Amino acid sequence: MAGHPSVFPTLLYGNAKAAIQQLTEAFGFTRVAVYEAEDGTVMHAELAYGSGAVMLGSKGRGGVFDKVMADAGPAGIYVVVEDVDAHHRRAVEHGVEILMEPTDQEYGSRDYMARDAEGNVWSFGTYAPQV
């Protein structure tokens, strides 16, 4: 699938609507698709950033993935951004918990780390793995 990402982190949230709001407003993701059940449960959502994307949904909606992820801890996700400091300022303006301020790494990247409202750790930096 040339031109399309092959790996998509997939997360379940207790409040998927709030997660979508935080990821779009504070971290700059773009809504690609959001599918809800009649009761408002997020069955599936896709949010893009650059050439990558994450998929997410609501916890407790049933199905195999929901069952096997029920006791899963937080996940860690890395996102390549062009301007770490501007991205960090945006996250701070939206009240995101910052775990590590923007820092120059010895391998040449500039990174910062934040925690979303449900405990997942998001790292944003200039290092772009070559795959």
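Biologist: Before we look at the rings, what makes two of them pair?

Modeller: Rings of Phe, Tyr and Trp, the last taken by its six-membered ring, pair if their centres lie within 6.5 Å. Please keep in mind that this is a predicted model.

Biologist: OK, and which residues do ring pairs link into a cluster?

Modeller: The cluster joined by ring pairs holds Phe 27, Phe 29, Tyr 49, Tyr 112, Trp 122 and Phe 124.

Biologist: How many aromatic pairs turn up in the whole structure?

Modeller: A search of the whole structure gives seven aromatic pairs. In one of them, the ring centres of Phe 27 and Phe 124 are 4.8 Å apart and the planes stand at 50 degrees, so this pair is tilted.

Biologist: Where do Phe 27 and Phe 124 lie?

Modeller: Phe 27 is in the loop between α1 (16-25) and β2 (30-36), while Phe 124 is in strand β8 (residues 121-125), so their pair ties together parts that are 97 residues apart in sequence.

Biologist: Is Phe 27 buried or exposed?

Modeller: Phe 27 counts as buried, because its relative accessibility is 0%, and Phe 124 is likewise buried, with a relative accessible area of 0%.

Biologist: What about Tyr 112 and Phe 124, is that pair stacked or tilted?

Modeller: Tyr 112 and Phe 124 form a stacked pair, with 5.2 Å from centre to centre and 25 degrees between the planes. This pair links distant parts of the chain, since Tyr 112 sits in strand β7 (residues 110-115) and Phe 124 in strand β8, 12 residues apart. Tyr 112 is buried, as is Phe 124.

Biologist: Which residues does His 87 touch?

Modeller: Leaving aside residues up to four places away in sequence, His 87 touches Phe 27, Tyr 49, Val 81, Tyr 112 and Phe 124. His 87 has its place in helix α3, and it counts as buried because its relative accessibility is 6%.

Biologist: Switching to strands, in what order do the four in the open sheet come?

Modeller: The order in that open sheet is β5-β8-β7-β6, with mixed pairing. Its edge strands are β5 (76-80) and β6 (97-104), each of which pairs on one side only. On average, and with direction ignored, neighbouring strands of this sheet are turned by 15 degrees against each other.

Biologist: How many bridges join β6 to β7?

Modeller: Five bridges join β6 to β7, and the two strands run antiparallel. Met 100 stands opposite Met 113 in β7, and Ile 98 is opposite Ala 114 in β7. The hairpin of β6 and β7 has five residues between the strands, and in this hairpin Gly 108 takes a positive phi near 100 degrees.

Biologist: And helix α1, which of its residues are buried?

Modeller: Those are Ala 16, Ala 19, Ile 20, Gln 22, Leu 23 and Thr 24. What covers the buried residues of α1 includes β1 (10-13), β2, β3 (42-49), β4 (52-58), α3 (84-93) and β8.

Biologist: Last topic, what volume does the largest pocket have?

Modeller: The largest pocket has a volume of about 640 Å³. Its lining is made up of 20 residues, and Ser 51, Gly 52, Ala 53, Tyr 78 and Val 80 are the ones that lie nearest its centre.

Biologist: Which strand gives the most to the lining of the largest pocket?

Modeller: That is β5, which gives four residues to the lining of the largest pocket, and β4 and β5 each supply at least two.

Methods
Residues are numbered from 1 along each chain as its sequence is written. This is a predicted model: local features need pLDDT of at least 70, side-chain atom pairs count only at pLDDT 80 or more; totals for chains, interfaces and linings use all residues. Side-chain values use heavy atoms; hydrogens and water are left out. Rings of Phe, Tyr and Trp (its six-membered ring) pair if their centres lie within 6.5 Å; planes under 30 degrees apart count as stacked, over 60 as edge-to-face and the rest as tilted. Buried means under 20% relative accessible area, exposed over 50%, partly exposed in between (1.4 Å probe, protein chains only). Two strands pair if DSSP finds at least two bridges between them. Axes are lines fitted to C-alpha atoms, for helices over the stretch in contact, and angles run from 0 to 180 degrees between N-to-C directions. Contact means heavy atoms within 4.5 Å. On a 1 Å grid over the protein atoms alone, a cavity is a set of points where a 1.4 Å probe fits but cannot get out, and a pocket is an open set with protein on both sides within 12 Å along at least five of seven lines; lining residues have an atom within 4 Å of a point. Grid points are joined across faces, edges and corners, and a volume is the space filled by probe spheres set on the points.
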